[in-house]
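Good morning, and thank you for joining. I shall go through one model today, beginning with a strand pairing and then turning to the sheet and to the helices.

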Protein chains: 2
Amino acid sequence: MLDLLNQHRTVRKYTDQKIDPELLTKLLESACRASNTGNMQAYSIIVTTDTEIKKQLAPAHFNQPMIAQAPVVLTFCADFNLFTKWCEQRQANPGYDNFQSFIASAIDTLLAAQTFCIAAESVGLGICYLGTTTYNAREIIDTLQLPKLVVPVTTITVGYPDGLPEQTDRLPLNAVVHTETYHEFSSNEIDAIYSEKEHSEFYKQFVLENQKETLAQVFTDIRYSKVNNEFFSDKFLTVLKEQGFLK
Amino acid sequence: MLDLLNQHRTVRKYTDQKIDPELLTKLLESACRASNTGNMQAYSIIVTTDTEIKKQLAPAHFNQPMIAQAPVVLTFCADFNLFTKWCEQRQANPGYDNFQSFIASAIDTLLAAQTFCIAAESVGLGICYLGTTTYNAREIIDTLQLPKLVVPVTTITVGYPDGLPEQTDRLPLNAVVHTETYHEFSSNEIDAIYSEKEHSEFYKQFVLENQKETLAQVFTDIRYSKVNNEFFSDKFLTVLKEQGFLK
């Protein structure tokens, strides 16, 4: 079991093999066994296989080829719509149109998403998370016709792997694990933590190709820049307001 | 593997058995293999075993007994502190003091958390998620000495199960899974979705004990009320501002 988790890699290319609908249902059922807040199950999973709808989703994901190529696209959404409607039908006064409810339902959504991924990998499928979901939540909401109190949080493409991609590196464990309380890093410790990454041929090449001086600059200037992060922050906050999770 | 996921239950009572530190390290390493945004690993995991620090954490979790009783308490945090400091040390201009960066790192945090839980359950440990983490993030930050750009997102207590708790029910799959696009629910469909839950002896008793007319009212009036949700929304938004993730 730990072997399965330790073998995880992101799979971006899939064979033509379809996923058996019964198998997919089983995987989704396992995903729904994940822990969730108060057993409210405040999430939804949109299963998209239709070529036309995938085509409509693609621009929201910057046309990454996985959307068109994967047999199944799953959009995982924070969802207080169903629960709120149930409350209204039961003489109860729902109060889930706020930020804390969004956070609670986003947590539930992500635990279900990751459980789905592990379930999928255990039966030989490959998955890819698309971080573009919160960048372009507005466009996804329109395409998937998500009502108020439903916000997409992440998207997963799933299919049978076409080839075995390389595993990506990880920082040493002391970069993320702290004992008892938070240990603030010294300048030397930061050098040590990033040393292996910065000295690998793979990343040296990556810095060269991007014509930057340091690996960090590839992140700050190209991949996750301040100007983009701020643009998409405003956009996502607007979506939370429009969908009723923020006043 | 699906069996393991399907057998998941929240474990709130633990035996006195300690968790072997080497085993814990292995589980944390597996957790860090989870997918994450741009391989930035923008999260941290605070491992607390010290009785005194657990005692300080307990009020933030409304003194739920798991905190004191579990051999290990893990606080999973969205963390752009380390990455930002690395950028500053590498002539790069970091731009992660914004809401989109918080969301991206919270997503990474939760995928690692759920992977940890599945790894832990696979070796016979039991886990419990504490939703109180985002309610009282401020108090947790103070106790664990979390710097700017670090915000706790969820907490897990871990230990060897003292007894096998009942599994909780789940809604039928069509309550959360939608095909191609979102299917809005009719009033009859909502009745059908909640029928099994509402007719179970367990929940009938639960409604009686709470002196309410409907199960939904137990949620809206007692467990997750509008007034509490709004109070904790303001509190968490303030924390995001104070920690540098929101302007």
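Strands here are DSSP runs of E with at least two residues, helices are runs of H or I with at least four, and both are numbered from the N terminus. The model is a predicted one, in which local features need pLDDT of at least 70 and side-chain atom pairs count only at pLDDT 80 or more, while totals for chains, interfaces and linings use all residues. Residues are numbered from 1 along each chain as its sequence is written, and chains are lettered from A and ligands numbered from 1 in the order in which they are written.

Strand 5 (residues 177-179) of chain A pairs with strand 1 (residues 43-48) of chain B in the parallel sense, over 3 bridges; pairing requires that DSSP find at least two bridges between two strands.

Which order do the strands of the open sheet take? The order is 5(A)-1(B)-2(B)-4(B)-3(B), 5 strands with mixed pairing. Strand 5 of chain A and strand 3 (126-130) of chain B stand at the edges, each with a single partner strand, so one side of each has no neighbour in the sheet. From one strand to the next, the twist averages 25°.

Within chain B, strand 3 and strand 4 (residues 150-159) pair in the antiparallel sense over 5 bridges. Val158(B) in strand 4 is the bridge partner of Ile127(B), and Ile156(B) in strand 4 stands opposite Tyr129(B). Strand 2 of chain B also runs antiparallel to strand 4 of chain B, joined to it by 8 bridges; there, Val73(B) has Thr157(B) as its bridge partner.

Is strand 4 of chain B buried or exposed? Of its 10 residues, 10 are buried, so strand 4 of chain B is largely enclosed by the rest of the structure. Buried denotes 20 or more other C-beta atoms within 10 Å of the residue's own, exposed 12 or fewer, and partly exposed in between, with C-beta atoms placed from the backbone.

I close with the chain contact. 97 residues of chain A are in contact with 97 residues of chain B, contact being C-beta atoms, placed from the backbone, within 7 Å. Helix 6 (residues 99-122) of chain A supplies the largest share of chain A's side, 13 residues.

Key: Contact = placed C-beta atoms within 7 Å. Axes fitted to C-alpha atoms, helices over the stretch in contact; angles between N-to-C directions.
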